[in-house]
Amino acid sequence: MSSKNYARNRDYWNRFYQGGIITIPSQFCVHVAVDAGPSRTLVEFGSGNGRDSIYFASLGFSVLGIDQS
């Protein structure tokens with residue numbers, strides 16, 4: 001990804017997450033949590049506002065969330 005596209009993408013997500021906080025975990029997150037089982041270590045790339053990371057942590061996962069926003 002070029003630096004121009006990277007900046008545009010980063011700016012888009014920065015604005016998106018300033019618009020309000022989404023707290024319900026994504027369907028993909030719930031699916032992964034069920035399949036992975038409890039007490040796993042998880043690294044979430046593109047974690048956004050952390051809603052899925054928080055959900056995983058509430059289930060006992062050890063979580064590291066990483067995002068450019």
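**Helix packing and aromatic contacts in a predicted model**

User: How are helix 2 and helix 3 oriented to each other, roughly parallel or roughly antiparallel?

Analyst: Helix 2 and helix 3 are roughly parallel to each other. Please note that this is a predicted model.

User: Why is the pair given that label?

Analyst: The axes of helix 2, residues 27–36, and helix 3, residues 51–58, cross at roughly 25°. Angles under 35 degrees count as roughly parallel, and the pair is therefore described in that way.

User: Within what distance do the two axes come?

Analyst: The axes of helix 2 and helix 3 come within 10 Å.

User: And the handedness of the crossing, left or right?

Analyst: The crossing of helix 2 and helix 3 is right-handed.

User: Which residues meet there?

Analyst: From helix 2, the residues are C29, V30, V32 and A33. They meet D52, Y55 and F56 of helix 3.

User: How does that contact divide by class?

Analyst: The contact of helix 2 with helix 3 has six nonpolar residues and one charged residue, with no polar ones.

User: What does S26 touch, leaving aside its neighbours within four places in sequence?

Analyst: With those neighbours left aside, S26 is in contact with R51 and D52.

User: What about W13 and F16?

Analyst: The ring centres of W13 and F16 are 5.1 Å apart, and the planes stand at 75°. Planes over 60 degrees apart count as edge-to-face, so this pair is edge-to-face.

User: How are W13 and F16 placed along helix 1?

Analyst: Helix 1 covers residues 3–18, and W13 and F16 are three residues apart in it. That places them about one helical turn from each other.

User: Which residues form the aromatic cluster?

Analyst: Y12, W13 and F16 form one aromatic cluster. Y12 is partly exposed at 42% relative accessible area, W13 is partly exposed at 30%, and F16 is partly exposed at 37%.

User: What can be said of A7?

Analyst: A7 lies in helix 1 and is partly exposed, at 22% relative accessibility. A7 and N49 are 42 residues apart in sequence, and their C-alpha atoms are 18 Å apart in space.

User: To finish with the whole protein, what is the secondary structure?

Analyst: The protein has three helices and two strands, in the pattern α-α-β-α-β along the sequence.

User: What box do the C-alpha atoms fill, and what share of residues counts as buried?

Analyst: Along the principal axes, the C-alpha atoms fill a box of roughly 40 × 25 × 15 Å. The protein has 69 residues, of which 19% count as buried.

User: What share of contacts joins residues 24 or more positions apart?

Analyst: Among contacts with a separation of 6 or more, residues 24 or more positions apart account for 45%.

Methods:
Residues are numbered from 1 along each chain as its sequence is written. This is a predicted model: local features need pLDDT of at least 70, side-chain atom pairs count only at pLDDT 80 or more; totals for chains, interfaces and linings use all residues. Side-chain values use heavy atoms; hydrogens and water are left out. Buried means under 20% relative accessible area, exposed over 50%, partly exposed in between (1.4 Å probe, protein chains only). Rings of Phe, Tyr and Trp (its six-membered ring) pair if their centres lie within 6.5 Å; planes under 30 degrees apart count as stacked, over 60 as edge-to-face and the rest as tilted. Helices (H or I, at least four residues) and strands (E, at least two) are DSSP runs, numbered from the N terminus. Axes are lines fitted to C-alpha atoms, for helices over the stretch in contact, and angles run from 0 to 180 degrees between N-to-C directions. Angles under 35 degrees count as roughly parallel, over 145 as roughly antiparallel, 65 to 115 as roughly perpendicular and the rest as oblique. A crossing is left-handed if the near helix is turned anticlockwise from the far one by less than a right angle, and right-handed if clockwise. Contact means heavy atoms within 4.5 Å. Ala, Val, Leu, Ile, Met, Phe, Trp, Tyr, Cys and Pro count as nonpolar, Asp, Glu, Lys and Arg as charged, and the others, Gly among them, as polar.
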